[in-house]
Amino acid sequence: MYKALRYIVILALIGVGVFWVVTRPAQVDAAQVAQLSTDAARGETVFWAAGCAACHAAPGAEDEERRVLSGGMAFPSPFGTFHAPNISPDPDHGIGGWSVADLASAMLHGTAPDGAHYYPAFPYASYARATLDDVGDLHAYLMTLPASDTPSRPHDVGFPFNIRRSLGGWKWLFAHDDWIVPVTGETLERGRYLVEALGHCGECHTPRNALGGLDYGRWLQGAPSPDGKGRVPAITPDKLDWSERDIAAYLSTGFTPEYDVAGGHMTEVVKNLAHLPEDDLSAIAAYLKAVPPGS
Amino acid sequence: MMKTFTGLTALVLAGAVATTTLAQDDAAIKAAVDARQAHMSLFAFNIGLLGGMAKGEIDYDADAASAAAGNLAALARVDQSRYWPQGSSTLDLDAEQTAALPDIWDEGSDIGAKAMALVESTTAMEAAAGNGLDALRGAIGAVGSSCGDCHKAYRQPNN
């Protein structure tokens with residue numbers, strides 16, 4: 001009897017230990033980013049490719065206001081409503097005090113400077129594939145943007161999803177930095193980088209499982225809209241049968257081949273991608289043609 | 001007896017008038033919906049030429065581009081008040097008939113500002129389209145985004 005109890009205690013301790021290790025937040029340390037170039041001009045391309053403004057600009061912001069990353073947009077989901085925080089360079093309400101390593105920990109590992117896990121509404125499961133060079137450049141660019149002293153609004157998330165430590169388990173199960181589609185060649189690899197890493201297209205276009213993890217086996221095969229209204233369409237080559245040229249034109253203007261326009265959140269995505277060089281948009285189009293067709 | 005007959009006639013007549021009024025309302029609503037959808041087709045038709053040139057599918061021609069862009073700017077300025085009668089939203093009509101969300105008519109609707117944004121972007125396109133392909137390409141994104149902003153806010157997604 002005493003022996004059995006001892007086993008249970010030992011097993012429980014192992015369980016706690018495993019939980020502790022698995023859910024431990026990962027961070028990038030300063031030494032890893034010490035040698036990075038930090039070029040704000042290159043960072044602007046990263047900024048538009050990563051779509052930061054689509055979520056972190058104030059709701060309804062237009063044109064130049066989209067560079068003021070005061071946050072505030074709400075993202076309803078089955079787990080609660082997330083509110084995009086202020087990531088302007090304000091030292092108190094934004095990320096003005098962040099180092100390059102802080103930004104890299106946030107984007108690549110979903111870890112805040114104080115070690116807390118971020119919710120995956122912030123698409124670090126995609127940004128995990130970004131290069132440290134791009135993060136360094138992006139940091140330089142973000143620090144050139146206007147500061148805003150709008151306080152960030154807390155997320156509205158109920159039990160058990162409000163236990164941040166458990167997000168470590170979510171990351172362990174669902175977030176990784178492996179490429180999803182095997183491709184070779186400079187254009188396709190650039191397209192893959194833009195889609196799978198910075199552009200985080202899969203976050204909306206790929207279905208999720210019951211725990212909110214991306215179903216990589218159905219990559220870009222379309223999904224219910226996270227706000228519960230309508231569907232995000234499949235963009236695998238069997239479904240999106242537009243020419244590469246049509247796809248690239250759509251991504252820069254929002255016009256479909258029939259000259260209808262993008263709707264929903266894609267309107268914001270197009271406003272970001274319109275800032276990318278044409279070669280990048282063509283690379284995205286080429287990559288989308290190389291994605292496995294839907295099942 | 002006579003009195004009852006008169007009363008019945010009056011009722012029937014009143015009913016007939018009411019039915020006719022309803023039918024007229026339905027026809028008026030349908031005509032307005034048809035008109036606004038036709039107007040959208042005219043936008044698409046003219047943008048189609050500019051978009052085709054921007055994509056490199058149609059050879060650039062300054063006169064043709066200017067004409068299409070002029071049409072767009074003129075279309076954007078058309079008074080549309082009669083296109084959007086009360087009772088012609090997705091709440092009132094079937095999904096096949098309209099995608100116009102009721103928010104258009106809500107207090108606080110900024111559809112007027114959205115329409116102005118379209119006037120601005122198409123006016124800029126009118127000025128740019130005849131000045132070479134690069135100028136045309138530089139102006140088309142803003143046209144797309146003014147279309148998209150309004151559709152995002154006020155059009156029912158079609159899936």
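Predicted model: local features only at pLDDT ≥ 70, side-chain atom pairs only at ≥ 80, totals over all residues.
1. On chain B, the elements that give two or more residues to the side touching chain A are α1 (2-55) and α4 (133-154). The largest share of that side comes from α4(B), with 11 residues. Sorted by class, the side of chain B that touches chain A has 10 polar, 6 charged and 5 nonpolar residues.

2. Now the size of this contact. It takes 22 residues from chain A and 21 residues from chain B. Together the two chains bury about 1,700 Å², and 54% of that is on carbon and sulfur atoms. For context, accessible area lost when the parts come together is often how the size of an interface is given.

3. What about charge pairing across the chains? The count between chain B and chain A is 5 salt bridges. If you want one to look at, take the pair Asp149(B) and Lys271(A): their side chains form a salt bridge at 2.6 Å, N to O.

4. Next, chain A on its own. In the contact between them, 29 residues of domain 1 of chain A meet 26 residues of domain 2 of chain A.

5. The two domains of chain A bury about 2,300 Å² between them, with 58% of it on carbon and sulfur atoms.

6. On the domain 1 side, α3 (40-50), α4 (52-56), β1 (74-77), α6 (124-127) and α8 (167-174) of chain A each supply at least two residues of the side that touches domain 2. α3(A) gives the largest share of that side, 5 residues. The class tally for the side of domain 1 of chain A that touches domain 2 is 18 nonpolar, 6 polar and 5 charged residues.

7. How many salt bridges cross between the domains of chain A? The rule finds 2 across the interface of domain 1 and domain 2. Separately, Arg66(A) and Glu268(A) have side chains that meet in a salt bridge of 3.4 Å, N to O.

8. On annotation: an unreviewed UniProt entry lists "domain: Cytochrome c" for residues 38-146 and 186-292 of chain A. In the model, residues 38-146 of chain A are 38% helix and 7% strand, and the end C-alpha atoms of this span lie 18 Å apart. Residues 186-292 of chain A are 45% helix and 4% strand, with end C-alpha atoms 19 Å apart.

9. Finally, two backbone spots to check by eye. Most residues other than glycine have a negative phi, and most peptide bonds are trans. Phe159(A) and Pro160(A) are joined by a cis peptide bond, with omega about 0 degrees; Pro160(A) sits in the loop between β3 (156-157) and α8 of chain A. Leu220(A) is not a glycine, yet has a positive phi of about 65 degrees. You will find Leu220(A) in the loop between α10 (202-205) and β4 (223-224) of chain A.

Conventions
Residues numbered from 1 in each chain as written. Chains lettered and ligands numbered in written order. Heavy atoms only, no water. Contact = heavy atoms within 4.5 Å. Buried area = accessible area lost by both parts, 1.4 Å probe. Salt bridge = Lys/Arg side-chain N within 4 Å of Asp/Glu carboxyl O. Nonpolar A, V, L, I, M, F, W, Y, C, P; charged D, E, K, R; others polar. UniProt positions renumbered as here; feature names shortened; annotations may be inferred.
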